[in-house]
Each structure stands twice: as C-alpha cells, then as structure tokens.
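Student: I have a new structure to look at, and I'd like to learn how to read it. Can you walk me through it?

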Amino acid sequence: MEKTFLMVKPDGVQRNLIGEIVSRFEKKGFTLAAAKLMNVSRELAEKHYAEHKERPFFGELVDFITSGPVFAMVWEGNNVISTARGMMGKTNPADAAPGTIRGDFATSVGMNIIHGSDSPESAEREIALWFNDNEVVSYEKTI
Ligand code: CMP
C-alpha cells in the first residue's frame, strides 16, 4: 500500500490544528502508520529541504521549521501521495481552494501549516529521513 510523509508545521501545531488535520485524513479513509511530536534539528531540516538549498528563502524555511515542534506522520492508502496533496491545497495559500487545509487555515506561503511528499521518490526519502523502520506500523483492520 502506498505511503506518504505528512508534517504539521510549527504554525499548525501552535494553532492547535493537529487534531483537525489528523481528523481530515482519518475521515478520508487513510490509515495512520506513524506519528510523533518533535523538535527539528537544523541538520534534519536542511536534509529535508535539500532540494530548496539554492532558493533565496532556504534560510527562512529552515529557521521556521526549527522554530517549534512539528507533528511528523506517515499515512497509508490508495493514491495517498497525490490525494493528500490535493487535500492540502496549493503551496501558496492565496491559491489554495476553500475546503483544502491551506485554503481553510493559512494565508502565508512560508507558514502554510502542512508539508506533504510530492512524489513516490520523495515519500520514500522523507519517511526514511524522519522515521526509523520500527516506528512505522503496519496492521490489518479487524473491526
Ligand atoms: P513545503 O511543501 O513544506 O515545501 C517547501 C516549502 O517552501 C513550502 O512548503 C513553503 O512553505 C516554502 N516556501 C515556498 N516559497 C516560499 C517563499 N517565497 N518564502 C518562504 N517560504 C517559501
């Protein structure tokens, strides 16, 4: 089954949106496979956002993601990578449709509440970066 890495960023944690966000993915029918509230080291942030290293906002991005705890998650389900991206909305909340997470809760491209893997390759890389194998749970639903 496909897996993706999702992270509630420091703004989403501090605005008490963890429950709202988890609830949306649960109600959609996806399965939570791993989750942890954690502070992010600069080393991890720089590795996570390595593809943006040359962008002018890279320093700001790393400062922000290390500024307070994040809620890191792995979710599992059919087409979860692209469906979760759709549920998150466009990166810039100004372009994100109402009904999406960013469309409903964010106004700034820097503080846009949530990160989600953008491809199967990114999902594999990000899950391995943020979680040890024994933190990712796989189970059959019995009820
Ligand atoms: P995310 O999906 O976490 O991946 C890269 C992040 O860079 C993106 O969400 C935005 O939060 C952030 N980002 C993109 N453009 C800008 C910008 N112009 N200024 C600050 N942050 C940005």
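Tutor: Let's begin with pLDDT, the predictor's confidence in each residue, from 0 to 100. Here the protein averages a pLDDT of 97, and 100% of the residues score at least 70. The model also scores ipTM 0.93 and pTM 0.96. This is a predicted model: local features need pLDDT of at least 70, side-chain atom pairs count only at pLDDT 80 or more, and totals for chains, interfaces and linings use all residues. Residues are numbered from 1 along each chain as its sequence is written, and side-chain values use heavy atoms, leaving out hydrogens and water.

Student: Which residues are around the ligand?

Tutor: A residue is near a molecule if one of its heavy atoms lies within 4 Å of it. Around this ligand you'll find Lys9, Tyr49, His52, Phe57, Glu60, Leu61, Thr91, Arg102, Val109, Gly110, Asn112 and His115.

Student: Which polar side-chain atom lies 2.7 Å from an oxygen atom of the ligand?

Tutor: For a polar contact, look for a pair of N or O atoms within 3.5 Å. Lys9 has a polar side-chain atom 2.7 Å from a ligand oxygen. For Asn112, the distance from a polar side-chain atom to a ligand oxygen is 3.3 Å, and an N or O atom in the side chain of His115 is 3.1 Å from an oxygen of the ligand. As for cover, accessible areas come from the Shrake-Rupley method with a 1.4 Å probe; the protein covers 81% of the 460 Å² that the ligand has on its own.

Student: What about the backbone? Where is Asn79?

Tutor: Most residues other than glycine have a negative phi. Asn79 has a positive phi, near 50 degrees, and its place is in the loop between strand E3 (70-76) and helix H5 (80-88). Those labels are DSSP runs numbered from the N terminus, with at least four residues for helices (H or I) and at least two for strands (E). Ile113 also has a positive phi, near 75 degrees, and lies in the loop between helix H6 (101-105) and strand E4 (114-116).

Methods. A polar contact is a pair of N or O atoms within 3.5 Å; within protein, one must be able to donate a hydrogen and the other to accept it, and residues adjacent in sequence count only if both atoms are side-chain atoms.
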